[in-house]
Amino acid sequence: MATQTITEATQKIVTRETLRYAAKQSQRCLVVPIRLRRAIKKYLQEQEEPHMKRKVLRLSQSFNDVKDVNLQLANTTSREIVEDPLKSLEQSKRWKIQSSYGDIGFTYRDDETIAYVASRMPAVYCACHRVLKEVRRRLPGFSPAKVLDFGAGTGSAFWALREVWPKSLEKVNLIEPSQSMQRAGRSLIQDLKNLPLIHSYDSIQSLSQSIGKSERGHDLVIASYVLGEIPSLKDRITVVRQLWDLTQDVLVLVEPGTPHGSSIIAQMRSHILWMEQRKHRKSAGKNNEVCKDLTTQKAGAFVVAPCPHDGTCPLVKSGKFCHFVQRLERTSSQRAYKRSKGVPLRGFEDEKFSFVVLRRGQRPREPWPLDGLEFETLKEERAKRNPEDLEIDYEDWLKTQQPDDAVLDEVVDAVTTYDSDAIETDGADDDDDTEEDDKVEEEEETGNADLGGGWGRIVFMPVRRGRQVTMSVCRSTNMDASEGSYDRIVVTKSKNPTLHHQASKSIWGDLWPF
């Protein structure tokens with residue numbers, strides 16, 4: 001294949017439309033699929049549990065208690081080990097941490113599981129769907145056949161996997177210590193068609209004992225909203241290292257978008273990159289010159305998302321924490337059982353999350369998208385306009401300003417009804433699968449942002465003032481993406497109308513070209 005110059009390669013991407021599509025990673029409001037909404041409704045109707053609102057509130061309080069204990073342990077563990085070793089030993093026995101997920105002091109019984117399905121499962125699904133959809137867009141040739149879902153719970157990540165890769169899944173291993181959660185997950189998927197082969201385990205150890213060495217590798221391993229339930233940093237690292245050993249290609253970690261969740265993601269990211277760099281240095285020193293190229297291709301790890309680089313997180317010293325937000329339309333169960341503080345419950349909620357996607361191998365060297373390109377200023381663009389282009393037909397303009405009755409009806413309906421209240425008819429599953437497959441094929445045909453260091457990440461919502469847009473961007477500072485920085489970028493319409501138009505359409509979590 002002939003080598004392309006930087007200008008030739010970037011020219012394919014940088015038009016107004018393709019640039020916007022390549023940079024777009026976030027969705028403003030996500031609607032939970034009707035299959036999942038219907039499964040949740042059916043499950044809750046079968047349970048017939050009274051006092052559901054009280055149980056949802058109790059579950060929320062339990063999450064807060066676990067978070068407070070985790071923060072307390074992180075701040076006091078080192079001091080207590082020195083001052084009172086016996087007290088630290090008793091505390092570890094209380095939590096029963098033995099590098100196996102599940103012995104964490106918080107157990108999902110039937111009441112907690114039902115409350116989780118009613119209140120938390122749709123939001124966790126939307127966060128996982130947002131992350132996995134970006135994985136599909138950033139890795140267009142990646143189609144996982146064998147997947148491991150650690151801390152599967154009621155199957156939020158599994159539902160997201162089915163939506164993102166509807167055709168490729170062949171085998172899914174689930175690790176979930178709660179038998180109540182496992183039963184709920186099986187009940188929710190019992191009406192689905194064309195399911196992959198599914199095996200459930202209660203720990204990583206039981207999975208390792210049940211499979212051979214040749215079956216240990218998984219194309220994709222995901223752990224969502226689970227590492228925060230393990231209070232010890234040492235045991236978190238042990239679990240993540242075990243998950244990385246089971247990863248053949250891509251590892252996805254998702255945690256709540258809190259300072260504590262973001263800190264967990266940053267720690268696990270740094271540890272895996274450090275571990276692979278050390279392993280790569282050792283293997284490169286032992287091998288001879290002939291095998292160095294082969295070793296370089298197989299060893300190592302790099303960040304697919306959200307970081308555009310593999311260096312130290314620049315937000316650590318900024319006093320801020322890296323997280324993102326996904327808005328979702330509340331399901332009927334959420335609107336029925338969630339409490340509001342004296343005001344009507346909104347039809348949507350914002351799920352904040354932190355995540356990292358790591359892939360084995362070396363980061364590909366790609367040309368930066370804006371290298372070798374020159375943009376016209378607003379004054380230069382206006383100088384090239386023809387007078388005929390500025391003429392406006394007054395009658396045609398009036399027609400465009402008149403509202404359409406059909407559009408008004410849709411707006412009224414959108415205010416008073418919700419998609420989550422829809423009832424699925426027979427055969428609708430097959431139609432939805434076909435539509436989703438068409439969407440996947442359509443997106444694969446359109447250009448995507450590459451994995452080089454030339455695409456920065458917009459962190460927090462851009463601020464628009466008049467004809468300028470201010471953005472906080474995490475970006476790579478060199479071509480090999482080994483280091484990064486957190487910069488404030490201002491784009492004005494007068495200097496660059498093309499990039500200003502792109503910035504005005506960008507939101508929190510999108511990419512930004514350099």
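Start in the loop between β9 and β10 (463-465) and select Phe460, which is found there. Strands here are DSSP E runs of at least two residues, helices are H or I runs of at least four, and both are numbered from the N terminus. Check the backbone: Phe460 is not a glycine, yet its phi is positive, about 75 degrees.

Before you click on, some ground rules. This is a predicted model, so local features need pLDDT of at least 70 and side-chain atom pairs count only at pLDDT 80 or more, while totals for chains, interfaces and linings use all residues. Residues are numbered from 1 along each chain as its sequence is written, and side-chain values use heavy atoms, with hydrogens and water left out.

**Next stop: Pro306**

Go to the loop between β6 and β7 (324-329), where Pro306 is found. Display the peptide bond from Ala305 to Pro306: it is cis, with omega near 0 degrees.

**The largest cavity**

A cavity is a set of points on a 1 Å grid over the protein atoms alone where a 1.4 Å probe fits but cannot get out, and lining residues have an atom within 4 Å of a point.

How big is the volume of the largest cavity? About 60 Å³, counted as the space filled by probe spheres set on the points, with grid points joined across faces, edges and corners. The whole structure has three cavities of 30 Å³ or more.

Color the lining by class and you get eight nonpolar, one polar and three charged residues. Nonpolar covers Ala, Val, Leu, Ile, Met, Phe, Trp, Tyr, Cys and Pro; charged covers Asp, Glu, Lys and Arg; the others, Gly among them, are polar.

**Helix α7 on helix α8**

Now show α7 (residues 121-138) with α8 (residues 156-164). They pack at an angle of about 40 degrees, with their axes 8 Å apart. The axes are lines fitted to C-alpha atoms, for helices over the stretch in contact, and angles run from 0 to 180 degrees between N-to-C directions. That makes α7 oblique to α8; the cut-offs are under 35 degrees for roughly parallel, over 145 for roughly antiparallel, 65 to 115 for roughly perpendicular, and oblique for the rest.

The crossing is right-handed, meaning the near helix is turned clockwise from the far one by less than a right angle, with anticlockwise being left-handed. For side chains, pick Met121, Val124, Tyr125, Cys128, His129, Leu132, Lys133 and Arg136 in α7, which meet Ser156, Ala157, Trp159, Ala160, Leu161, Glu163 and Val164 in α8. Contact means heavy atoms within 4.5 Å. By class, this contact has 10 nonpolar, two polar and three charged residues.

**Helix α9 and its partners**

Which helix packs against α9 (residues 179-188) at an angle of about 40 degrees? Select α6 (residues 110-119), whose axis is 9 Å from that of α9. Asp110, Thr113 and Tyr116 of α6 touch Ser180, Met181, Arg183 and Ala184 of α9. That contact splits into three nonpolar, two polar and two charged residues.

Finish with α3 (residues 34-47), which packs with α9 at about 125 degrees, axes 9 Å apart. Here Ala39, Ile40, Tyr43 and Glu46 in α3 meet Ala184, Ser187 and Leu188 in α9. Five of these contact residues are nonpolar, one is polar and one is charged.

Terms used
1 Å grid on protein atoms, 1.4 Å probe; cavity = no way out; pocket = protein on both sides within 12 Å on 5 of 7 lines; lining within 4 Å.
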